[in-house]
Amino acid sequence: MMKFVSLLKFYYKNTPEEYEKEYQKKFKAPFANHFQIQIHQYNRKASYPAFLYYPNNLLNLLEKFYKTYEKFTTISSKVPKVVLYQFTLLSSMMAMAELTDLLHLTF
């Protein structure tokens, strides 16, 4: 899995030309969500349209989540409630651990 690098970090570690190329790549990505807002940072020459960039690995994880959820709902209708309670506790702990790992990847 390729590590996500924010545009802010990319800006300070690369040349202006490399930054512009990376910005355009993310801006034109198929799942980028664009806003009608211009962002002009202090001491910068250009302003840029605001957008959200969704990396492919995030979308793949989301698809995997929904498929797993479908299977879960089928199974959960057939088990005792105590099993669901225990599963919920364990799942919550695992989700927090994965969220922590994901946050470390993005910042």
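Is Lys25 buried or exposed? Lys25 is exposed, because its relative accessible area is 51%; exposed means over 50%, buried under 20%, and partly exposed in between, with a 1.4 Å probe and protein chains only.

Before going on, note that this is a predicted model, in which local features need pLDDT of at least 70 and side-chain atom pairs count only at pLDDT 80 or more, while totals for chains, interfaces and linings use all residues. Residues are numbered from 1 along each chain as its sequence is written, and side-chain values use heavy atoms, with hydrogens and water left out.

**Stop 1: helix H2**

Select residues 16-27, which are helix H2; helices (H or I, at least four residues) and strands (E, at least two) are DSSP runs, numbered from the N terminus. Show the side chains of Glu22, Lys25 and Lys26, which are linked in a network of salt bridges. A salt bridge here is a side-chain nitrogen of Lys or Arg within 4 Å of a carboxyl oxygen of Asp or Glu. Side chains of opposite charge can pair when their charged atoms come close.

- Glu22 to Lys25: the closest N and O atoms are 3.7 Å apart, and the two residues lie 3 residues apart in H2, about one turn of the helix.
- Glu22 to Lys26: the closest N and O atoms are 3.8 Å apart, and the residues are separated by about one helical turn because they are 4 residues apart.

Glu22 counts as buried at 16% relative accessibility.

**Stop 2: around Lys26**

Keep Lys26 selected. Lys26 is buried, with a relative accessible area of 6%. Leaving aside residues up to four places away in sequence, Lys26 touches Phe4, Val5, Ser6, Leu7, Ala32, Phe51 and Tyr53, where contact means heavy atoms within 4.5 Å.

**Stop 3: helix H3**

Move to residues 56-76, helix H3, and pick Glu63 and Lys67, 4 residues apart. Their side chains meet in a salt bridge at 3.5 Å, N to O. Glu63 is partly exposed at 44% relative accessibility, and Lys67 is partly exposed at 49%. The whole structure has 3 salt bridges.

**Stop 4: the nonpolar patch**

Select Phe31, Phe35, Ile37, Ile39, Leu52, Tyr54, Leu58, Met96, Leu99, Leu102 and Leu103, a nonpolar surface patch with about 990 Å² of accessible area together. Patches are made of residues with over 30% relative accessible area and no salt bridge, joined within 9 Å for like charges and within 5 Å for nonpolar side chains (Val, Leu, Ile, Met, Phe, Trp, Tyr). Accessible areas come from the Shrake-Rupley method with a 1.4 Å probe, and for residues only the protein chains shown count as cover.

Helix H4 (81-106) and strand S1 (33-39) each supply at least two residues of the patch; H4 gives the most, with 4 residues. End on Phe35 in S1, which counts as partly exposed at 35% relative accessibility.
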